[in-house]
Amino acid sequence: MRRIRTDLNIIFIAIVTLFLTVSGSVSYYRTKADIELDLLNVSKSLDARLQSVLPNVLWNFDDQQLALILDAEMRSSDIAAIEVSNMDSLLAGRIRQNNKVTRIIRASELQGRDTHTTTINYQQNQEIHPLGKVKITISRERSNALLRSIILEKTLEILILDVLVILALSTTLQRMVIRPLAQLGRSLSHAASFESG
């Protein structure tokens, strides 16, 4: 009897765990795709804003306005760094380290799939003058924290439901199957001994 109860518990726990794992995986990958799209949109909109405001600032050598623009853009926690340079050297930059935004003194070596560089052009009388470049690095700290919390929540959900299934099955099987079968076994044994006696 105990073997039947154990086998049924294992079967139901495996089914529940498999179902919740598949459900959690689908939820995780859907959320990850949404986050990737959000980060791409953040990067594109930041790039568009900088493309529209930086040409005049660089053309007029307005370092104060450039600093204000960078400080304003770094308010988004999704931005890890912004570097603006002319064709030769860094003009200004900001980087987020340990949730604190600081000035970049020298051009950084930040590279990778979350970093992209675009040219800043100034248009005058149908002529396009390249003024410099802007390098944008997107931060994944917030998105990675969100994905970690999803994994933790789904793992806890699986564990809690597995425990509840064990408790419910043990109680139900004991009351509805094991006891009646044990009682039937005792009755048959009693009837057999009564007939033989």
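**Notebook: salt bridges, core and surface**

Started with Glu 36: its relative accessibility is 27%, so I file it as partly exposed. My cut-offs are under 20% relative accessible area for buried, over 50% for exposed and partly exposed in between (1.4 Å probe, protein chains only). I keep in mind that this is a predicted model, where local features need pLDDT of at least 70 and side-chain atom pairs count only at pLDDT 80 or more, while totals for chains, interfaces and linings use all residues. Residues are numbered from 1 along each chain as its sequence is written, and side-chain values use heavy atoms, with hydrogens and water left out.

**Entry: salt bridges**

I looked up what Glu 36 pairs with, and found a salt bridge to Arg 140, with the closest N and O atoms 2.7 Å apart. Glu 36 sits in helix α1 and Arg 140 in the loop between β5 and α3, so I noted a link between distant parts of the chain, 104 residues apart. Arg 140 counts as buried because its relative accessibility is 15%. Asp 114 joins Glu 36 and Arg 140 in a network of salt bridges.

My rule for a salt bridge is a side-chain nitrogen of Lys or Arg within 4 Å of a carboxyl oxygen of Asp or Glu. By that rule I get seven salt bridges.

I then checked Arg 142, whose side chain meets that of Asp 78 in a salt bridge at 2.9 Å, N to O. Arg 142 is in helix α3 and Asp 78 in the loop between α2 and β1, so this pair ties together parts 64 residues apart in sequence. Arg 142 is partly exposed at 44%, whereas Asp 78 is buried at 9%.

I have Lys 154 as partly exposed at 22% and Glu 157 as partly exposed at 33%.

**Entry: the core**

Which residues touch the most other members of the largest nonpolar core? I got Leu 50, Leu 54, Leu 66, Ile 82, Val 84 and Val 134, out of 24 residues. At least two residues each come from α1 (2-59), α2, β1 (79-86), β4 (115-124), β5 (127-138) and α3. The biggest giver is α1, with eight residues. A core here is a set of buried Ala, Val, Leu, Ile, Met, Phe, Trp, Tyr and Cys residues joined through side-chain atoms within 4.5 Å.

I clicked on Val 84: leaving out residues up to four places away in sequence, its contacts (heavy atoms within 4.5 Å) include Leu 54, Leu 66, Leu 90 and Val 134.

**Entry: helix α2**

In α2 (residues 63-73) I find Leu 66, Ile 69, Leu 70 and Glu 73 buried. Seen down the axis, these fall within an arc of 95° (directions from the helix axis to the C-beta atoms), so they line one face of the helix. Gln 64 and Leu 68 are exposed on the face turned away from the buried side.

How values were computed. Helices (H or I, at least four residues) and strands (E, at least two) are DSSP runs, numbered from the N terminus.
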